[in-house]
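Dear colleague,

Please find the structure below, with its sequence.

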Amino acid sequence: MALNLEAVGKPIGPVEKSYTWKDVVLYSLGVGSGFSELDYCYEKRLKVLPSFSIAAIFDFLAHIGATSNVNLAGILHGEQSLVFHNPIPPEGTLSTTGRIVKYYDKGPGKGALVIGESDTYHSNGKKLFTSVITIFARLDGGFGGENAPKKEFVFPDRDPDIVVDDSPGVNQPLLYRLSGDIFDLHVDPEFAKMAGFEKPIMHGLCTHGFACRALVNSLIPGMPEKARRMDCRFSKTLYPGTPIRTLIWKTGEGKALWKTLNAVTGDVVIDHGVFEYGDPIRERLDFSGQVAVVTGAGAGLGRVYALELAKRGAKVVVNDLGAARDGTGEASSTAADRVVEEIRAAGGQAVADYNNVATREGGEAIIRTALDAFGTVDILINNAGILRDKSMVKMEPETWKAVIDVHLNGAYHVTRPAFKVMKEKGYGRIVMTTSAAGLYGNFGQTNYASAKMGLVGFMNTLKIEGEKYGIRVNTVALLAASRLTEDVTPPEIFVRMKPEYVAPIVLVLCSKQCPVNGRIYNAGMGFYNRAAIWTGAGVVLGKGNVPSVEEIRDRMQAIASLKGAKVYDQLNEQVADVYAAVLNPKEVVDAGTEEQGGSKFTAASAVFEAMPGAFRADAAKGIDVVFQYRISGDGGGDWFCAVKDGQCQVTAGLHEKSTCTLLMASSDFLDMMNGKLSPMQAYTGGKLRIEGEIMKSQLIEKLFRIDGR
């Protein structure tokens, strides 16, 4: 068994982990928090300890071990560095990507060091923290690599400014292990003895959490969001129940050194501690190491996108055919070359491409240019376009086709080969360019408007296909000055329509921090808003039979009403609502009438209080099931409903052996019980998870009638 030396630099992840406030509180309790630090233990005003970060990505650390092929029998957590970019929210989903950056060889019998680096983003799009872990592989030395450079670390030659004593409990590992690290060494006495210890030992990261509490409480009390950096080296093991002492030296504004001792023996348990703190630094969007392809980048918007991406570190393929505004005339390399020269003059990297997006061969050649020059594609901005405006009667087929070929077919031709690259690498950002003409209509632009609205449909499906591969696809409707609009826009408005006003939102959508997928935004002159397709609640007509033409005519107001309208993310959600409306027509509020009155559920507990009264005993003959509900978030909790012998019993807590378990966030659960969200839509949309015998969950609608009214 030998280290996988080929693994250096290869991407690991993304590894995702969803968590709730309960996971945050469990961690805080596991590292010693309690009533004296209620902000870390009470969901109504919950804050997150910075050290929760490393526990939350414990699964990713396992990937580093597996990828390196390290001998698991000899690994120890050597060093840990954490840089905090943004406060950690109390719930959400974390996505971590990283790589092994270096191996160091300490020599035969002396072990090796495996250095892994990762970045973790929250589902809100923000980068939360960067981790650098050093794994000491005791059994993997002697492979012929270089030794690690020596690090000089000196504590001040004076007494510490702050001393914090604490006492981890004798059962501390049993609680801490519930946060993810369930290694037998921390719980099994026999295993611990085989490993050379007299009994199970403390998790190093548990002691790390105790130290983090000491640092936060001493230097930034009540403000964990001000933590900027926390580094350390793990020196010696500690047995549960042994008191610890953390020594802290202030070394400058927002800086401190620290170490944690075994308070009984004086041995250093955690050494080389660094802690930095202060107000959060606004993170600058950076595209270093990424490759961007911008079509139609020889002037106007495309040029501004290319320049700004390059300024922020991206390697850019500047594509432009160099033809006239309507796509006619001789192609020219001048436009693309001029932008490349601007980028290079400013110290950036770029190459020009002169291929035509309107052909399949042209689209493939554009992406080949990126691969030949820079090796990959991370970002694609479909910006190329032409105008040939005519009213409908004057719209010749050639005029129609020319615009469709560049805008819609052109986006397809370039996106298809780019999407293949992004899918293989597990990451990508694609931005389509639509228009208000497509979203809202504009006289004389049937070809242009059709192409631009077609791009919205293209995005709507591509977002679904790319989501599991880390590819996000969004669309921007532009209001900006360009050669396409210069002679059709009033001069006083034209001067305010600089492309620079559009570029910021496009770059956000191109970034790793992009928090959205499948969205449409209007942008121009400093004004930004979201556009979306809203679908009305609708009505069911015909009472099971085909409705008459006259019935449709008479109910057009109800059919057309947008009261209770919503935005769907995909076809399945909309179809699920139609199914629910048709199968349960009595539960559908007629959009043409006044909304029905009555009470609504405002808390999950109220739903379970109402369940016995909504039980249909006549439908329960021969049924023996237990439905377990696990509701997260504010007002959530655990309840189970046992149905047997025509009786129903609802109880708070967990059942030992439920038939199926339904998991939802409290807000989604209340929406479902109040009729705002159908069960089918909740399930297909991922808001309702069902474990166990899924098909048995369908009995709920048969056994109960609860609609929140």
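**Domains and confidence**

The protein is divided into domain 1 (5-142 + 154-277), domain 2 (291-532), domain 3 (538-583) and domain 4 (604-703). The centres of domain 1 and domain 3, taken over C-alpha atoms, are separated by 54 Å.

Please bear in mind that this is a predicted model. The average pLDDT of the protein is 90, and 95% of the residues score at least 70. Over residues 586-599, however, the pLDDT is below 50, and this stretch has 20 contacts in the model beyond near neighbours in sequence. Where pLDDT is low, the predicted coordinates should not be read in detail.

**Helix α3**

Helix α3 spans residues 58-68, and its buried residues are F60, L61, I64, G65 and S68. Seen down the axis of α3, these buried residues fall within an arc of 150 degrees, so they line one face of the helix. Their cover includes strands β1 (11-19), β3 (92-107), β4 (111-122) and β5 (127-137), together with helix α2 (52-56). After α3 comes N69, whose phi is positive, near 65 degrees.

**The eight-stranded sheet**

An open sheet is formed by eight strands in the order β13-β12-β11-β14-β15-β16-β17-β18, and its pairing is mixed. Its edge strands are β13 (349-353) and β18 (527-531), each of which pairs on one side only. From one strand to the next, the twist averages 20 degrees.

Two helices that pack on this sheet may be described here. Helix α7 (residues 300-311) packs on the sheet and touches β11 (291-294), β12 (315-319), β14 and β16 (471-478). The direction of α7 makes about 170 degrees with that of β11. Helix α9 (residues 360-374) also packs on the sheet, where it touches β11, β12 and β13. The direction of α9 makes about 145 degrees with that of β13.

Several pairings within the sheet can be followed strand by strand. Strand β14 (residues 379-381) pairs with strand β15 (residues 428-434) in the parallel sense, over three bridges. In this pairing, I379 stands opposite R429 in β15. Strand β15 also pairs with β16 in the parallel sense, over seven bridges, and G428 stands opposite I471 in β16. The next parallel pairing joins β16 to strand β17 (residues 520-524) over four bridges, with V476 opposite Y521 in β17. Strand β16 is itself mostly covered, as seven of its eight residues are buried.

**The five-stranded sheet**

Another open sheet is made of five strands in the order β23-β22-β21-β24-β25, and here too the pairing is mixed. The edge strands are β23 (647-652) and β25 (688-692), and each pairs on one side only. The twist averages 20 degrees from one strand to the next.

Within this sheet, strand β21 (residues 625-632) and strand β24 (residues 660-665) pair in the parallel sense over six bridges. The bridge partner of R630 is L663 in β24. Helix α19 (residues 666-673) lies across β21 and β24, and runs at about 105 degrees to β24.

With kind regards

Key. Residues numbered from 1 in each chain as written. Predicted model: local features only at pLDDT ≥ 70, side-chain atom pairs only at ≥ 80, totals over all residues. Heavy atoms only, no water. Buried < 20%, exposed > 50% of the residue type's maximum accessible area, 1.4 Å probe, protein only. Arc of directions from axis to C-beta. Contact = heavy atoms within 4.5 Å. pLDDT = per-residue confidence, 0-100. Pairing = 2+ DSSP bridges. Axes fitted to C-alpha atoms, helices over the stretch in contact; angles between N-to-C directions. Domains from an automatic or database assignment.
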